[in-house]
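I opened my notebook today to look up a few strands and their partners. Here is what I wrote down, in the order I went through it.

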Amino acid sequence: MTTSELTADVLIVGAGLGGIAAALAAADRGARVVLTEEHPWIGGQLTSQAVPPDESRWVEEFGVTARYRTLRDGIRDLYRRRYPLTAEARARGDLNPGAGWVSKLCHEPRIALAVLEEMLAPHRSSGRIRLLERRRAVGADVDGDRITRVTLGSETGDDEVTVVAAYVLDATETGELLPLAGVEYVTGFESRAETGEPSAPAEAQPANVQALSVCFAIDHVDGDHTIERPAEYDFWREYAPAAWQGRRMLSWEAPNPRTLAMDMRRFAPNPGDDPGEVVADQALDAGDTNLWTFRRIAARDQFAPGAYDSDICLVNWPSIDYFLAPVLDVSREEERAHYARARQLSLSMLYWMQTEAPRADGGRGYPGLRLRGDVTGSEDGLAQAPYHRESRRIRALTTITENDVSHAVRGDAGARRYEDSVGVGMYRIDLHPSTGGDTYIDVAACPFEIPLGALIPRRVTNLLAANKNIGTTHITNGCYRLHPVEWNIGEAAGHLAAYCLAEDVTPHAVHAAPELLSAYQRELDEAGVERHWPVGRVHAY
């Protein structure tokens, strides 16, 4: 095997939302960027993982960066230009194509992919951004506190490539560069003694990591579309984890994340509801009582008759949460084995719905449920990549704890304000069942800020965190892991790398020197990054 070498100002490993935002920010600031992605689609959570955007209740007004708003506007614009919307749907300024209750912009992942590709296109044409597709980091060379080169393997059997760059951004879903480059990091649940968090355990639990999920899209049409019985169906059919209080996981019943009571969900394909009456506001209604409409990504009644045979529903429900074992810091073979089992869980849930699920009419099974692999772009019909809720996290200059954002701790004072803020975000502290046997932790958070210090490792001088691998804890990762926050983190990291190159300074110097920090923050302001919430217009939920 031969190895070729590339050079760049900034190497960004991982082209999820954080990686793309970082690449755009760095290239707009004048840097030459190499961006990599291991899966067939760029876009991470929004595309290859097929997760509709989890956003704050104020997303239509404020609380996201200008570039993220461009992404959202582009998604709606594509629907208006290319899809046969009804006149009523087309006229809605806040068009929600799926009329899902989880998000004000539920949509098909391929639409987001097209808009993200379009956003990158000018820089790719100019050569400012070079995208290396189907590549994964497999090695890193270091010299003291600097990363000197990163080796990228191929998911398709091509030769390895090495990249030499002044700055390296880890925008992977699980912080894959951190162990390769010897960057200090933490996994799982920190101890209460370390963080002072009221919800933390007495002793650290590094192998206790939130569930991952392999999502999938379905519709409901005439005919029998039952899949082949999954190889592990017998295991998953009987699986009754502690969080389910002894009841089977494959069911319409699941723990209520906020009360932990076992709640019975409804499932009604193509209910004929009025999309205009959907209020996607998690502060008012979690929206998950009807699983069909919860994460619906195409509401057929918003399109011309016959355009869609059925609604399209995205399955990202508690019943497909995989938490048998962690996939961080295990061998590649073990990691692949757990991903395969997670895919078996998702297929088993679908098979159960098609063959055994109780119906409102007293019957069993929905054989008309059709797996829509064409929507997710995969061979087996599921999402291309698992949705990771938790990553390795850098030992950062600043660690954000529960005491900084929890409404129960902060009260009316609101979340901690940071002099080095580089963005904002809002989501409840939402932790799914974990590999350590814990059930949900789902508590109110205050609208929060993203401190620059959380993106910078304590020791390594030319690596920045650009995804959910920043300096949060197991608990606060639960609110800093969502789509617009990941984008904001990546955008701030990419801009910082380009700023440091242009000014011949280091991230640590920017963080430490008020004049450098202020100059960098002014550039963020000019780029449309909101660094503080408007006073008096937001609240905890």
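**Strands and their partners**

I began with strand 9 (residues 216-220) and strand 13 (residues 312-315), which pair in the antiparallel sense over three bridges. For my own reference, strands are DSSP runs of E with at least two residues, numbered from the N terminus, and two strands pair if DSSP finds at least two bridges between them. In this pair I found Ala217 opposite Leu314 of strand 13.

A note on the source: this is a predicted model, in which local features need pLDDT of at least 70, side-chain atom pairs count only at pLDDT 80 or more, and totals for chains, interfaces and linings use all residues. Residues are numbered from 1 along each chain as its sequence is written, and side-chain values use heavy atoms, with hydrogens and water left out.

Four strands make up an open sheet in the order 12-13-9-15, with antiparallel pairing. Strand 12 (296-298) and strand 15 (369-371) are at the edges with a single partner strand each, so one side of each has no neighbour in the sheet. On average, neighbouring strands here are turned by 35 degrees against each other, direction ignored; the axes are lines fitted to C-alpha atoms, and angles run from 0 to 180 degrees between N-to-C directions.

**Strand 6**

Which strands does strand 6 pair with? I found strand 1 (residues 3-13), parallel over ten bridges, with Thr3 standing opposite Glu160. Strand 5 (residues 146-154) runs antiparallel to strand 6 and is joined to it by three bridges; here Thr151 has Thr162 as its bridge partner. These two form a hairpin with five residues between them, and Gly157 in the turn has a positive phi of about 90 degrees. Strand 22 (residues 463-465) pairs with strand 6 in the parallel sense over three bridges, and Asp170 stands opposite Ala465.

I also checked how covered strand 6 (residues 160-170) is: eight of its eleven residues are buried (under 20% relative accessible area, 1.4 Å probe, protein chains only).

**Strand 2**

Is strand 2 (residues 33-37) mostly covered or mostly open? It is mostly covered, with five of its five residues buried. Val33, Leu35 and Glu37 lie on one side, Val34 and Thr36 on the other. I noted that side chains of a regular strand alternate between the two faces of the sheet.

Strand 2 runs parallel to strand 1, joined by four bridges, with Leu11 opposite Val34. Five bridges also join strand 2 to strand 3 (residues 129-133), again parallel, and Thr36 has Leu132 as its bridge partner there.

How values were computed: Buried < 20%, exposed > 50% of the residue type's maximum accessible area, 1.4 Å probe, protein only.
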